[in-house]
Amino acid sequence: MTELVKKLTEAYGPSGRESEVHQLILEELSDHIDGYKFDAVGNLLVWKYGSSGKKILFDAHSDEIGLVVTNITEKGFLRVDAVGGVLPHTFVGHRVRFGDVVGVAYVEGETEEERKKNWNNLSLDNMFVDIGARSYEEAKNKVPIGSFGVYDSHFYEMGDYLVSKAMDDRIGCAVIVELFKRLNSCPNTIIGSFSVQEEVGLVGASVAAYTLSPDVCIAIDVTDSADYPKAFKRHSMVLGKGPAIKVKDKASISNRMVVEKLVELAEAGGIPYQMEVLTFGGTNAAALQRTRAGIASATVSIPTRYVHSPSEMVCKSDVENTVQLLIEYAMKGV
């Protein structure tokens, strides 16, 4: 599964530009699904039929945070805005990839003192991206206004941990792909949703479940990990203790019956798990539960360090145990 995670996390796929990720997913699933479709907003939906008449949708968003070019200076430097929840400090000094073109993000300042001042008050207004162009025309031909960029960051395996950009939420995509590969037969119809534009407002999930009318939706996403120095003290989620079954976050409260079933299946199967109460943020479950007349929805999270940075970190055993828990739910969940 490690190679799958590497392939998906290193793919280029900022919000609204997820097609490369979707094609990789379809290649992986070509022999493991009964059908697929792209809906009007670009979500990739795949399915495997069951005989029970019940449908379970597993969703993971396929987009990642990034930057978009808003202007180009006379000397060919790019001015940018955020795509999703971008922290400017995580870009300064790092490479940014705009398709085939790579640039370096940095903070402006004519003197060292001015750069320090701008760093301490860093915003996208005093940041730029250098793509090696010498003029406006050269930069415009390489990376025109409206181009989307992502961290030019690569995958690393560090013992028990996996590190890369875009674990949020390609790790969720990898979990769903692996789920379909391992489900040779299942009583329930299983739908995989690889949704678009989560990072800019749960756009894809707002319609992903509409046409297929599942009985239950489970979002798979990352969550904060509180096991590094001076991490958020009110969070209990840590790496290595299993998937986190979400109770609530700032956007939604998980369906109680779905949560209780997930806990029951984890305990019966000897699968380690954690309970998650996230004091900020949200997942696609907030949109999925509002679809049509309402759908019972919850989130299963993978604890992750350094979210929205070039080096998001997850634990391999948490990923494997998430797959196992979702297989149990696919077989016995409704």
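**Figure 1. The loop between α8 and β16, with Arg292.** In this predicted model, Arg292 is found in the loop that lies between α8 (285–288) and β16. Arg292 has a positive phi of about 50 degrees although it is not a glycine, and its relative accessible area of 48% places Arg292 in the partly exposed class. As background to this view, most residues other than glycine have a negative phi, and most peptide bonds are trans.

Figure 2. Ala166 is found in the loop between β11 and α5 and, although not a glycine, has a positive phi of about 60 degrees. Is Ala166 buried or exposed? With a relative accessible area of 5%, Ala166 is buried, because buried means under 20% relative accessible area. The peptide bond that joins Asp168 and Asp169 is cis, with omega at about 5 degrees, and Asp169 lies in helix α5.

**Figure 3. The largest pocket and its lining.** The largest pocket has a volume of about 270 Å³. Of the 17 residues that line the largest pocket, those closest to its centre are Asp168, Gly281, Gly282, Val307 and His308. Which strand gives the most to the lining of the largest pocket? It is strand β13 (residues 216–224), which supplies 4 residues. By class, the residues of this lining divide into 4 nonpolar, 7 polar and 6 charged.

**Figure 4. The largest cavity.** The count of cavities of 30 Å³ or more comes to 1, and the largest cavity has a volume of about 40 Å³. The largest cavity is lined by Glu64, Ile65, Tyr151, Ala166, Asp168, Glu199, His308, Ser309 and Glu312, and this lining has 3 nonpolar, 2 polar and 4 charged residues.

Figure 5. Strand β3 (residues 55–61) and β13 run parallel and are joined by 4 bridges, with Ile56 standing opposite Val216 in β13. β13 also pairs with strand β16 (residues 296–304), here in the parallel sense over 9 bridges; in this pairing the bridge partner of Thr223 is Pro303, which belongs to β16.

**Figure 6. Strand β17 and its pairing with β11.** β11 and β17 run antiparallel and are joined by 4 bridges, and the bridge partner of Ser164 in β17 is Glu312.

**Figure 7. The buried face of helix α1.** In helix α1 (residues 2–10), the residues Leu4, Val5, Leu8 and Thr9 are buried. Seen down the axis of α1, its buried residues fall within an arc of 120 degrees, and they therefore line one face of the helix. An α-helix has 3.6 residues a turn, so residues three or four places apart point the same way. The elements against which the buried residues of α1 pack are α2 (19–29), β11 (161–164) and α5 (167–182).

Figure 8. Ser252 is found in the loop between β14 (244–248) and α7 (256–268), and at 5% relative accessibility Ser252 counts as buried. When residues up to four places away in sequence are not counted, Ser252 touches Ala285, Ala286 and Gln289. Ile271 lies in the loop between α7 and β15 (274–277) and, at 10% relative accessibility, counts as buried. With its neighbours within four places in sequence left aside, Ile271 is in contact with Ala266, Asn321, Gln324, Leu325 and Glu328. The C-alpha atoms of Ile271 and Asp221, which are 50 residues apart along the chain, are separated by 18 Å.

Methods:
Residues are numbered from 1 along each chain as its sequence is written. This is a predicted model: local features need pLDDT of at least 70, side-chain atom pairs count only at pLDDT 80 or more; totals for chains, interfaces and linings use all residues. Side-chain values use heavy atoms; hydrogens and water are left out. Buried means under 20% relative accessible area, exposed over 50%, partly exposed in between (1.4 Å probe, protein chains only). Helices (H or I, at least four residues) and strands (E, at least two) are DSSP runs, numbered from the N terminus. The arc is that of the directions from the helix axis to the C-beta atoms. Contact means heavy atoms within 4.5 Å. On a 1 Å grid over the protein atoms alone, a cavity is a set of points where a 1.4 Å probe fits but cannot get out, and a pocket is an open set with protein on both sides within 12 Å along at least five of seven lines; lining residues have an atom within 4 Å of a point. Grid points are joined across faces, edges and corners, and a volume is the space filled by probe spheres set on the points. Ala, Val, Leu, Ile, Met, Phe, Trp, Tyr, Cys and Pro count as nonpolar, Asp, Glu, Lys and Arg as charged, and the others, Gly among them, as polar. Two strands pair if DSSP finds at least two bridges between them.
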